[in-house]
Structures are given as structure tokens and as C-alpha cells.
Amino acid sequence: MRTRLLLGLALLSTGLLAGAFGYGAANLVPTFNAVPLDIRLSFHTELMKMNGITMQAAMGISIVSSLTLAALTRGRTRLLAGGAGLLALTSLLVTRFGNVPINSRIKEWAHASAPADHTEILRHWETFNDIRTVAAVLAFALLISTALRPPTHA
């Protein structure tokens, strides 16, 4: 029973994480690229304020619930849940060490001006965003695979 509840929590949090990153990649990034730079920078800065708490919570719960599920199970379920936890951790690390430092620079640009190489820096941000999105979607897919497996009886 507790592993089913844990799987449910892992599915929910990882699904929210994958959905949020997927929506951002499919809708926000193209919109960022379609509007004038000053609007992008202002919106990006405000969005990051809102995302800070919710996305960190989704990543944290995804990591902890998936890895706890892996610790409490065996066999293929352990491998799938552990893989999901590591992929969720990947999304956190890419965010923390890839996107967040660039977000800090974008915040500065919103109050001053963007440097001459801002296009390349924003391209790096998008690459990091793609990596964390793929990691989150794969984590969710692994947990779906776990949920769809027939129950094993000990």
C-alpha cells in the first residue's frame, strides 16, 4: 500500500514537473523569441520569481519520492524508479548550474541593457532548458512504465 501511494506521489510530482517544463519549451520559449528583447527580459525575470518555489518543490518531491520508491522496491521497479529519481535530479542540477546563473544575468539585463553576446547566452539557456525538459519527461515516462507493470506477488 505505501509503495502505491509513493508511486502516486512520484507520478504526480514528476508529471507536474514534466508538464511545466514541456509547456515552457513548447510555448514560452517560442514566445520569448517572438517578442522584443525588453519584453522578454521583463517577463522572464517575473516568471523566474514565480517559478522559483513551485519548480524547486516539484523537483524535490520528484527526486525524493522516486528514490524512496526505488529503496523500498526490488527488481525492475527499483531500476525504473531509481532511473526516474536520477533523471529528476538531473533536471535539478541542470536548472541550478545551467539556467539559474543565466537567469541572474537576465535579471540584471532587465534593469540595464543586454550585452552584445546576449543572443548566444540566451541560446545556452534554451539548451539547458531542453536538457532539463527531456530529463523530466523521461523520468515521468519511467514512472508511468512502473505504474503500468503488472503487480508482483511476493
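This is a predicted model: local features need pLDDT of at least 70, side-chain atom pairs count only at pLDDT 80 or more; totals for chains, interfaces and linings use all residues.

**Entry 1: helix H1**

The buried residues of H1 are Leu6, Leu7, Ala10, Ser13, Thr14, Gly15, Leu17, Ala18, Phe21, Gly24, Val29 and Phe32. I then asked which helices these buried residues pack against. They pack against H2 (37–72), H3 (75–111) and H4 (118–148).

Next I checked the length of H1. With 33 residues (2–34) at 1.5 Å a residue, H1 should span 48 Å, and its end C-alpha atoms lie 47 Å apart, so the two agree. I also found a kink of about 40° in H1, centred on alanine 25.

From the C-alpha atom of leucine 12 to that of alanine 110 I noted 34 Å, the two being 98 residues apart along the chain.

**Entry 2: the whole chain**

I stepped back to the overall layout. The protein chain has four helices and zero strands, running α-α-α-α from the N terminus on. Its C-alpha trace spans about 65 × 20 × 20 Å along the principal axes.

Of the 154 residues, 37% count as buried. The chain exposes about 8,800 Å², with carbon and sulfur atoms supplying 67% of that area. For contacts between residues at least 6 apart in sequence, I noted that 77% join residues at least 24 apart.

**Entry 3: nonpolar cores**

Which residues make up the largest nonpolar core? I listed eleven: Val29, Phe32, Leu41, Leu47, Met48, Ile102, Ile106, Trp109, Ile121, Leu122 and Trp125. H1, H2, H3 and H4 each give two or more residues to this core. There is also a second, separate core of nine residues, including Leu7, Ala70, Ala84 and Leu143. As background, nonpolar side chains in soluble globular proteins tend to be buried together.

I looked up the neighbours of isoleucine 102, leaving out residues up to four places away in sequence. Isoleucine 102 touches Ile121, His124, Trp125 and Phe128.

Then I turned to threonine 146 in H4. Threonine 146 has a relative accessible area of 7%; since buried means under 20%, threonine 146 is buried. With residues up to four places away not counted, threonine 146 touches Leu7, Thr77, Leu80 and Ala81.

**Entry 4: salt bridges**

How many salt bridges does a search of the whole structure find? It finds three, and I went through them in turn.

- Arginine 40 pairs with glutamate 126, their closest N and O atoms being 3.6 Å apart. This pair links distant parts of the chain, with arginine 40 in H2 and glutamate 126 in H4, 86 residues apart. Both arginine 40 and glutamate 126 are buried.
- Glutamate 46 meets lysine 49 at 3.0 Å, N to O. They are three residues apart in H2, which means a separation of about one helical turn. Glutamate 46 is partly exposed at 44% relative accessible area, while lysine 49 counts as exposed at 51%.
- Arginine 123 meets glutamate 120 at 2.6 Å, N to O. Both lie in H4, three residues apart, about one turn of the helix. Arginine 123 is partly exposed at 44% relative accessibility, and glutamate 120 is partly exposed at 38%.

Definitions and conventions: Residues are numbered from 1 along each chain as its sequence is written. Side-chain values use heavy atoms; hydrogens and water are left out. The expected span of a helix is 1.5 Å times one less than its number of residues. The bend at a residue is the angle between axes fitted to the seven residues ending there and the seven starting there. Buried means under 20% relative accessible area, exposed over 50%, partly exposed in between (1.4 Å probe, protein chains only). Contact means heavy atoms within 4.5 Å. A nonpolar core is a set of buried Ala, Val, Leu, Ile, Met, Phe, Trp, Tyr and Cys residues joined through side-chain atoms within 4.5 Å. Accessible areas come from the Shrake-Rupley method with a 1.4 Å probe; for residues, only the protein chains shown count as cover. A salt bridge is a side-chain nitrogen of Lys or Arg within 4 Å of a carboxyl oxygen of Asp or Glu.
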